[in-house]
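Colleague: Thanks for sitting down with me. Could you walk me through this model, one point at a time?

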Amino acid sequence: MSPEPFDLACDRLSQVVDQALYERLHWERNEAPMLARLVALAHGALEQRSEFELTEEGATPDLKRFVLKVHSNRIMAITIWLDRSQVNVDAAAIERSRYQVQPGPPITADYAVVDEQWMASALEQLFGRVQA
């Protein structure tokens with residue numbers, strides 16, 4: 001959905017007045033709700049699996065990082081972030097885990113196509129990278 005002309009004019013003036021504040025408010029108004037939805041989708045994908053737990057650890061406002069625990073064992077880090085309208089989900093090895101994570105590219109898609117099924121598929125691909 002394209003911004004309305006009035007919204008574009010407001011954005012332009014806001015940028016002229018205070019670029020840094022505009023960027024922060026723009027993020028809070030647009031990307032933050034998108035990122036919150038992605039986190040909800042990740043939690044929802046694991047909702048029926050009580051042995052799985054995502055614990056937020058090391059997140060920033062524009063990047064969410066979780067430790068995946070299975071049977072209370074720390075397995076790997078899962079990171080979710082946006083690059084404009086591009087969704088990225090990635091995995092990495094973590095400290096205090098006896099499991100290795102094979103490197104690979106982030107799982108990506110346009111935000112408009114990301115739904116519950118996409119998130120479950122992305123997590124499935126990341127889980128496949130774990131080795132004992």
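Predicted model: local features only at pLDDT ≥ 70, side-chain atom pairs only at ≥ 80, totals over all residues.

Colleague: Is arginine 129 buried or exposed?
Modeller: Residues under 20% relative accessible area are classed as buried. Arginine 129 has 10% relative accessibility, so it counts as buried.

Colleague: Which element gives the most to the largest nonpolar core?
Modeller: That core has 30 residues, and Leu38, Ile78 and Trp118 have the most contacts inside it. At least two residues each come from helix H2 (19–45), strands S2 (63–70), S3 (73–83), S4 (86–92) and S6 (107–110), and H3. With six residues, the element giving the most is H2.

Colleague: What does tryptophan 118 touch, not counting residues up to four places away in sequence?
Modeller: Trp118 is among the core residues with the most contacts inside the core. The residues it touches are Val87, Val89, Ile107, Thr108, Ala109 and Val113.

Colleague: How are H2 and H3 oriented, roughly parallel or roughly perpendicular?
Modeller: Their axes lie 9 Å apart, at an angle of about 70 degrees. Angles of 65 to 115 degrees fall in one class, so H2 is, relative to H3, roughly perpendicular.

Colleague: Which residues of H3 are met by H2?
Modeller: By class, this contact has seven nonpolar, no polar and one charged residues. From H2 come Leu38, Leu41, Ala42 and Ala45, and in H3 they meet Glu116, Met119, Ala120 and Leu123.

Key
Residues numbered from 1 in each chain as written. Heavy atoms only, no water. Buried < 20%, exposed > 50% of the residue type's maximum accessible area, 1.4 Å probe, protein only. Core = buried A, V, L, I, M, F, W, Y, C linked by side-chain atoms within 4.5 Å. Helix = DSSP H or I, 4+ residues; strand = E, 2+ residues; numbered from the N terminus. Contact = heavy atoms within 4.5 Å. Axes fitted to C-alpha atoms, helices over the stretch in contact; angles between N-to-C directions. Parallel < 35°, antiparallel > 145°, perpendicular 65-115°, else oblique. Nonpolar A, V, L, I, M, F, W, Y, C, P; charged D, E, K, R; others polar.
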